[in-house]
Amino acid sequence: MAAAPRSRWRREAASPFPRSRLKMAARGGGGVARRGSRVMAAPEEPSGGRAGGEPGREAAGLSGGRCGGGTAAATAVMFRCGEELVSGESEEESNGVNLMEFSDEILLHILSYVPCTDLVLNVRKTCRKLATLCLDKSLTHTVLLQKDYKVNKDKVKQLMRDIGKEIYQLNMAGCYWLPSSTIDHVIRCKNLVKLNLSGCHITSLRLSKMLSALQHLRSLAIDVNPGFDASQLSSECKATLSRVSELKQTLYTPSYGVVPCCTSLEKLLLYFEILDRSREGFMLSGQLMVGESNVPHYQNLRVFYARLAPGYVNQEVVRLYLAVLSDRTPENLHAFLISAPGSFAETGATKNLLDSMARNVRLDALQLPKAWINGSGLLQHLKFNNPFYFSFSRCTLSGGHLIQRVINGGKDLKSLTSLNLSGCVHCLAPESLFRKAEDDIDSSILESLVVSCCNLRHLNLSAAHHHSSESIGNHLCQLLSRLKHLLSLALPVCSITDVAANVEKPPTQPNAAPQTFGKKVRVGIQTYPRNLTDQANQKIESSVFWTLMGSLRFLETLEIIGSSFSSAMPRNEPAIRNSLPPCVRAQSVGDSEVAAISQLTYLQSLTLAQLPNIITGSGLVSIGLQCQHLRTLSLANLGMMGKVVYMSALLDMLKHCKCLRDLRLEQPYFSAGAQFFQALSHCSSLQRLCIVSRSGTLQSDAVMSFMASCLEVVMCHMFMGESLTVCRNLQQSIVRSSIS
């Protein structure tokens, strides 16, 4: 049974206490385990697989995420020591640095790493100089309350009272723990230009009252929940909305929201999270009144983006929005992006829209559902200006069409920074007909792509078989090593193997175990090299993947995923069970390839899924030691499926991950015991934990000890094999401990 929408948990969890923000829920049965247990807490928005945040702040150790409520106290003590020395000790005898002697510019730069709430409510009370600097416009211009879990209603009220008129940008996205009445204090921010209230529950009347006072607002992000009534918006509110040029709207009910009032829109971002059934079990309809859509008001639109969650109603509602655009396509439209899971059939209205776009606009960014591109000549007719983003995910686009229609036979595309070819199984082959999964790619197609799009920063080639030929210098990894500007990369497991080492030969490791669910082989005590010096003797330096990782030193996000991998708990993808085993080449990818990743010093997000030849997990230890900026880690189906062979290495790795915030483990038979949670307790910055394990086990006492030591944890999901009674007792224990 799939997890409930995030927003529901956010609305249910509303408490100002640091630990009582946890809202746990337990369910038994279903899920990935037959007996099943789920321990859930209010989750945060993942980055879709992309890590966010500011690495500079994390390195300084002054961000709100890491320091939480202690940031202000630590900063205050630091600055006090700069002015007042301990009694009986002269300044010459002190080895400390007097920060008050620094220039205002340096102090402002240091203070920029401290959350605004701490600056205004705490730090500025330490001395006169800081009282002035903390109210500098460079620090109060933008206020970020997102993920500042220590802030409560009273702090927001005091903050708005002290610096409300100085705030021009306010981000309260995902502040689900704040009561809805907190929004009333935003009225004090008379000069607001940009406001983000995504994830905050707000009624039509409260929205109307707030927007009536924000006459300078130009950018708005809100949620549209059941019960929203646009007729309750006052004339002053509509006047403010008429000046908004950028709108992000998350729909939880079929509605146009405030779009009809935004007559000057240039950027429209729509997120469709509508369920097919109401909470009472009634079927919902996606029908809306077309007359409410205000067709002429889209003529200034430059960016249109729509992301759909699974469900028929979401498709119905987005078609109504598109019908408006098809009637009269904006001439200044330069970005048109629609992200839809599964099948999203093309209709007459959408075909008219695409035909109109082909005649009247020149695009810079394009993403369409696969059914709209497959089997059509759409790409041949669309015009592009200076494109920076293309997504052809799951399309049957062949390499020949990619070269001829997208980059025009090698046309200079230095402006392109992001290319998504996930699931495009034929994109590196000349023709899509009669190609088998085990066939080699055409290296000339990839080489043309690399040469033409030399400034790519984000590339996704996952969910496909991309096998390199035996010709020297034409391996996929060797060609990709030319893309020196890459920040994120996603590859299938079979694409990183050395061709010479994979001529129809099985893995040669002495402890290699069969990849089936049959009789298990006893492998004894797991041993692995503890440092890079020992690993350097394991042939990894000469591999093409080792060379690729060495050439992409500034890579921040890396995904290595088996081409046939399907998560047991997908988010915006259909839960399709693929029983096909990994291809022969993928079965040789193991510890040495994982160790090569440790060269990525600035790595922030890592996903490894379906690497069948993991024997000890030794490479994970190297990553923990070398990749000190790692924030997001996702591991799924590594090694033998019947045994967690990499557990010892994982425990050693976690002891070094001081900056880790998100951890997701998907592995059958995973034992979340005392040793695991003791190692996880070293991850002092951890905020979100998710474990998906068929027939897995957990120790309640270990979970409680972990929750007591890691106070930053705000989301805990466990899809295990424990009983419903164990789950409920654990839930009650965590709730009681958070309140006490």
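**Exercise 1. Classify Q610 as buried or exposed, then place Q610 in the fold.**

Q610 has a relative accessible area of 14%. Buried means under 20%. Q610 is therefore buried. This is a predicted model. Next, find the element: Q610 sits in strand β17, residues 605–611. Last, check the backbone. Phi of Q610 is near 60°, a positive value in a residue that is not glycine.

**Exercise 2. Work out where S695 lies and whether S695 is buried, partly exposed or exposed.**

Start with the place. S695 is in the loop between β21 (688–692) and β22 (697–698). Now take the relative accessible area, which is 43% for S695. Partly exposed covers values between the buried limit of 20% and the exposed limit of 50%. So S695 is partly exposed. Phi of S695 is positive too, near 65°, and S695 is a residue other than glycine.

**Exercise 3. Name the residues of the positive surface patch that includes K157, and describe K157.**

The patch of positive charge gathers K153, K157, R161 and R188 on the surface. Locate K157: helix α9, residues 153–163, holds K157. The relative accessible area of K157 is 33%, so K157 is partly exposed.

**Exercise 4. Count the disulfides, then examine C237.**

A disulfide is a covalent bond between the sulfur atoms of two cysteines. The cut-off here is a sulfur pair within 2.5 Å. By this rule the count is zero. Take C237: the nearest cysteine sulfur belongs to C261 and is 6.8 Å away, and C237 is in no disulfide. C237 has 0% relative accessibility, so C237 counts as buried. C189 also counts as buried, at 0% relative accessibility.

Note on methods. Residues are numbered from 1 along each chain as its sequence is written. This is a predicted model: local features need pLDDT of at least 70, side-chain atom pairs count only at pLDDT 80 or more; totals for chains, interfaces and linings use all residues. Side-chain values use heavy atoms; hydrogens and water are left out. Patches are made of residues with over 30% relative accessible area and no salt bridge: like charges are joined within 9 Å, nonpolar side chains (Val, Leu, Ile, Met, Phe, Trp, Tyr) within 5 Å. Accessible areas come from the Shrake-Rupley method with a 1.4 Å probe; for residues, only the protein chains shown count as cover. A salt bridge is a side-chain nitrogen of Lys or Arg within 4 Å of a carboxyl oxygen of Asp or Glu. Lys and Arg count as positive and Asp and Glu as negative; His and the chain ends are not counted. The place of a charge is taken as NZ of Lys, CZ of Arg, CG of Asp or CD of Glu. Helices (H or I, at least four residues) and strands (E, at least two) are DSSP runs, numbered from the N terminus. Buried means under 20% relative accessible area, exposed over 50%, partly exposed in between (1.4 Å probe, protein chains only).
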